[in-house]
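Q: Hey, I'm new to this one and would like a quick tour. Can we go through it piece by piece?

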Amino acid sequence: MAWRWVKLSEICTLTKGCIGITKAVPGQYPMVTLAEERRSHTDYQFDAAAVIIPLVSSTGHGHASLKRIHYQEGKFALGSILCAVIPKNPNEVSAQYLYHYLDLMKEVVLVPLMKGMANVSLPMKRIATVRVPVPPMSEQESLVAMMEGVVARQTDVLTEITRQKALLEKLRQAILQEAIEGKLTADWRKQHPDIEPASELLERIAAEKDRLVKDGQIRKQKPLLPIRPDEIPFLLPEGWAWCRLVDLCEKIGSGSTPRGGKSVYKRHGVPFLRSQNIQNFGIVDDDIALIGSETHQRMKGTHVLPEDVLLNITGASLGRCAVVCSGFGQANVSQHVCIVRPIAVSADFLHKVLLSIYGQKMIFESVTGAGREGLPKNRLETFPTPIAPLSEQRAIVERVQAKLALCDQLAAEIDKAEAHAQSLSTTILQEVFGQESNGGSAG
């Protein structure tokens with residue numbers, strides 16, 4: 001018997017789910033919803049092997065996408081925003097076979113059928129028109145066995161890739177932690193014994209701050225208590241020192257949002273940096289807001305300067321930080337971003353301190369507030385901060401950047417392997433159907 005192309009409506013029944021997902025009562029029967037995991041219900045709607053296809057977009061407003069379809073057999077309940085595609089004659093068409101074909105070809109045969117500008121949906125009448133290749137039953141069974149083997153191997157590979165990603169992230173954190181503990185430059189210190197110690201650097205910073213106060217450029221900062229022994233988390237090399245973060249800075253302060261909200265944003269103007277623009281690798285201009293020059297000048301206290309460290313202090317991006325590169329130009333920051341402006345200290349070194357295991361721990365242990373948590377300025381100012389001699393700070397930054405560049409190369413290789421693994425099953429299926437169907441079309 002040869003392969004044939006048929007519409008789903010010719011070989012299957014299509015039935016919409018009847019259970020409102022929020023109205024499901026936990027029970028003995030599995031209930032299929034949009035999520036990968038099954039819920040449960042006290043009653044069942046179907047007793048069959050079925051392909052389950054969502055009738056709504058997976059990514060919500062304005063986007064046509066299907067993250068997954070499901071295979072389910074036996075007695076099960078079905079959410080009202082999905083439909084069950086059940087073969088009319090299981091001896092001629094396997095539900096498992098249809099599932100593998102439709103799942104791997106959904107971007108080609110299902111997603112293009114979705115409609116709507118705001119609430120994107122996939123009408124059942126359109127699903128019914130989808131043409132699928134139907135080989136003899138023995139070949140369907142062989143294809144199912146082959147695809148399940150491929151999927152199993154694919155799952156193993158993707159699990160290993162996830163493990164490698166986690167290990168790579170731990171390696172990045174270890175590099176930063178070793179850097180701020182002085183372990184990364186132990187050999188460098190032996191080669192450079194006669195360098196200015198951090199204690200003298202701190203004296204120069206204090207003198208510069210006194211000058212700025214006298215000139216009226218900054219306010220005199222309230223003296224803080226010395227760092228107690230129980231605040232010191234690890235020992236530092238000779239020539240290093242512990243200090244409060246504020247001791248290194250002329251400014252630590254959050255930005256503000258201009259009055260009028262989004263109505264003040266312009267098509268052209270000065271960049272207004274929000275938390276989404278602050279990434280650990282730098283400032284990104286995706287979805288950047290712009291404000292007029294008058295608003296920019298009125299918000300003088302939130303102006304950004306080269307070598308500022310910008311730290312996200314609220315929300316899901318809490319702890320992300322970036323260094324403002326030289327030549328960046330004018331900008332302001334929102335109230336969700338804090339400006340940390342160092343004096344005579346490498347901004348890149350301070351950036352590494354804040355991103356280290358120690359720095360992130362200090363940040364997350366210092367948040368306050370219920371609902372939308374935030375990092376208060378007074379707590380950030382008091383952070384015990386390890387400081388290296390200035391010349392060693394530069395050596396640390398160079399070594400960290402070199403090691404993290406190698407990590408980026410490894411990450412690129414892992415991403416490449418992940419993309420290959422994710423496409424493997426689709427590639428195999430397309431090759432199989434491309435050969436066996438002799439160029440048949442799905443439309």
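Q: What kind of model are we looking at, and how are residues numbered?
A: This is a predicted model, where local features need pLDDT of at least 70, side-chain atom pairs count only at pLDDT 80 or more, and totals for chains, interfaces and linings use all residues. Residues are numbered from 1 along each chain as its sequence is written, and side-chain values use heavy atoms, with hydrogens and water left out.

Q: How many aromatic pairs are there?
A: The count comes to eight. Rings of Phe, Tyr and Trp (its six-membered ring) pair if their centres lie within 6.5 Å; planes under 30 degrees apart are stacked, over 60 edge-to-face, and the rest tilted.

Q: Why is the pair of Phe46 and Phe76 called stacked?
A: Their ring centres are 5.2 Å apart and the planes sit at 25 degrees, so the pair counts as stacked. Phe46 is in strand 5 (residues 46-47) and Phe76 in strand 8 (residues 75-78), so the pair ties together parts 30 residues apart in sequence. Helices (H or I, at least four residues) and strands (E, at least two) are DSSP runs, numbered from the N terminus.

Q: And what about Tyr71 and Tyr99?
A: That aromatic pair is tilted, at 6.1 Å centre to centre with 50 degrees between the planes. Tyr71 is in strand 7 (residues 70-72) and Tyr99 in helix 2, so this pair links distant parts of the chain, 28 residues apart.

Q: Which residues form a cluster of rings?
A: Phe234, Trp242 and Tyr358 are linked into a cluster by ring pairs.

Q: How do strand 3 and strand 8 run?
A: They run parallel, and two bridges join strand 3 (residues 29-32) to strand 8. Val32 has Leu78 in strand 8 as its bridge partner.

Q: Changing topic: what's going on along strand 11?
A: In strand 11 (residues 241-244), Ala241 and Cys243 point one way while Trp242 and Arg244 point the other way, and all are buried. Strand 11 pairs with strand 21 (residues 384-387) in the antiparallel sense over four bridges, and Arg244 has Pro384 as its bridge partner in strand 21.

Q: Now the helices: at what angle do helix 2 and helix 5 pack?
A: The angle is about 55 degrees, and the axes of helix 2 and helix 5 (residues 137-180) are 9 Å apart. Axes are lines fitted to C-alpha atoms, for helices over the stretch in contact, and angles run from 0 to 180 degrees between N-to-C directions. Helix 2 and helix 5 are therefore oblique to each other; under 35 degrees is roughly parallel, over 145 roughly antiparallel, 65 to 115 roughly perpendicular, and the rest oblique.

Q: Where does Glu92 lie?
A: Glu92 is in the loop between strand 9 (82-87) and helix 2 (95-104). Its relative accessibility is 45%, so Glu92 counts as partly exposed. Leaving aside neighbours within four places in sequence, Glu92 is in contact (heavy atoms within 4.5 Å) with Arg4, Val134, Met137 and Gln140.

Q: Is Val323 buried or exposed?
A: Val323 counts as buried because its relative accessibility is 17%. Val323 is in strand 18 (residues 321-323), and among the residues Val323 touches, not counting those up to four places away in sequence, are Ala347 and His351.

Q: How many residues of helix 9 are buried?
A: Eight of the nine residues in helix 9 (residues 347-355) are buried, so to speak "mostly covered". Ala347 and His351 are among those buried residues of helix 9.

Note on methods: Buried < 20%, exposed > 50% of the residue type's maximum accessible area, 1.4 Å probe, protein only. Pairing = 2+ DSSP bridges.
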